[in-house]
Amino acid sequence: MLKRYLLILTALLFINQCFAQDTIEVKRKLSGDVTEIFRALAKDVNIRVGLFKAVYKKNTIVATGVYENDKKVSLWQFYDPKGTIMQSYDYSTGRLFYEAPEDTTSHLRYLADKFLKEGDKVTKPIKVGGRYYGYLPYLNLFTLPKEYAYVNRNSLAARVELLVSPGGRLADYKVTVIDGDSGIALRTINMNIKLPDPADLVFIPATLNGEPIACRIIIQCVVTNAGHLAFE
């Protein structure tokens, strides 16, 4: 009997060890300040599974949720760099539970592609991921052109313009490099909207009197030392 129990215990330990070896922890930089930490299949680190979190400067969580076979599932929470909750979204049901109020201190501005009349009811487009974490892939995708390689980054600014279609898809993405001292636009660059993660193309569209409309999102940014963009 004792021998049988020992065999069962050995088998269980072996199975647990195999499962433990099936996944590994991965840490990946999303931006200069944000690191993503998640588990992935050992045989393919691009397939995320289980708990996910993104951490700002090693101590503030800005996103947390669960992956199932590299697909976001269930309820995710998104925060700003101060730890204030910005959004709660359920990926399994496609339901937005919470979006933090936005005021004049926001980095984002919205331009509806429609003439608005008094009394019109307008809602802004919403990026799943919140107004901080959700926009990091766009900011980090930009790299300052080589022609500005020797320009002091502190003397440059940038303006990101995203066009969201009535269907809630990213239709256009451009970055205008600006002289920070004079405010003069130096160059506008049309970015490739075939982003690595297709989910980054999806928005909840703006509406006008309940009907979806196209809308532009304007983000004022600074240029980092690495030549990417960060919120102003």
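Mentor: Gladly, and keep in mind that this is a predicted model. What would you like to begin with?

Trainee: Which residue in the turn of the β11 and β12 hairpin has a positive phi?

Mentor: That is G168, with a phi of about 80°; the hairpin has 5 residues between its strands.

Trainee: How do you know that β11 and β12 pair?

Mentor: Pairing needs at least two bridges. Strand β11 (residues 156-164) and strand β12 (residues 170-179) share 9 bridges in the antiparallel sense, so by the cut-off of at least two they count as paired. V164, for instance, stands opposite L170 in β12.

Trainee: What makes β12 and β13 a pair?

Mentor: The cut-off of at least two bridges applies here as well. β12 and strand β13 (residues 185-190) have 5 bridges, again antiparallel, and V177 stands opposite R187 in β13. In this hairpin G183 takes a positive phi near 80°.

Trainee: Let us turn to the rings. Why is the pair of F78 and Y133 called stacked?

Mentor: Ring centres must lie within 6.5 Å, and planes under 30 degrees apart count as stacked. For F78 and Y133 the centres are 5.8 Å apart and the planes are at 20°, so the pair is stacked. F78 lies in strand β5 and Y133 in the loop between β10 and α2, so the pair ties together parts that are 55 residues apart in sequence. Both F78 and Y133 are buried.

Trainee: Why is the pair of Y135 and Y138 called tilted?

Mentor: Their centres are 6.0 Å apart, with 45° between the planes. Stacked is under 30 degrees and edge-to-face is over 60, so an angle between those limits is tilted. Y135 and Y138 are both buried.

Trainee: How many aromatic pairs does the structure hold?

Mentor: It holds 14. Ring pairs also link a cluster whose members include F38, F52, W76 and F78.

Trainee: How do you know that the charged end of K72 sits over the ring of W76?

Mentor: The distance limit is 6 Å from the ring centre, along with a limit of 35 degrees from the ring normal. The charged end of K72 is 5.6 Å from the centre of the W76 ring and sits over it. K127 lies over the face of F203, at 5.6 Å from the ring centre.

Trainee: Why is L75 called partly exposed?

Mentor: Buried is under 20% and exposed is over 50%. L75 has a relative accessible area of 41%, so it is partly exposed.

Notes. Residues are numbered from 1 along each chain as its sequence is written. This is a predicted model: local features need pLDDT of at least 70, side-chain atom pairs count only at pLDDT 80 or more; totals for chains, interfaces and linings use all residues. Side-chain values use heavy atoms; hydrogens and water are left out. Buried means under 20% relative accessible area, exposed over 50%, partly exposed in between (1.4 Å probe, protein chains only). Helices (H or I, at least four residues) and strands (E, at least two) are DSSP runs, numbered from the N terminus.
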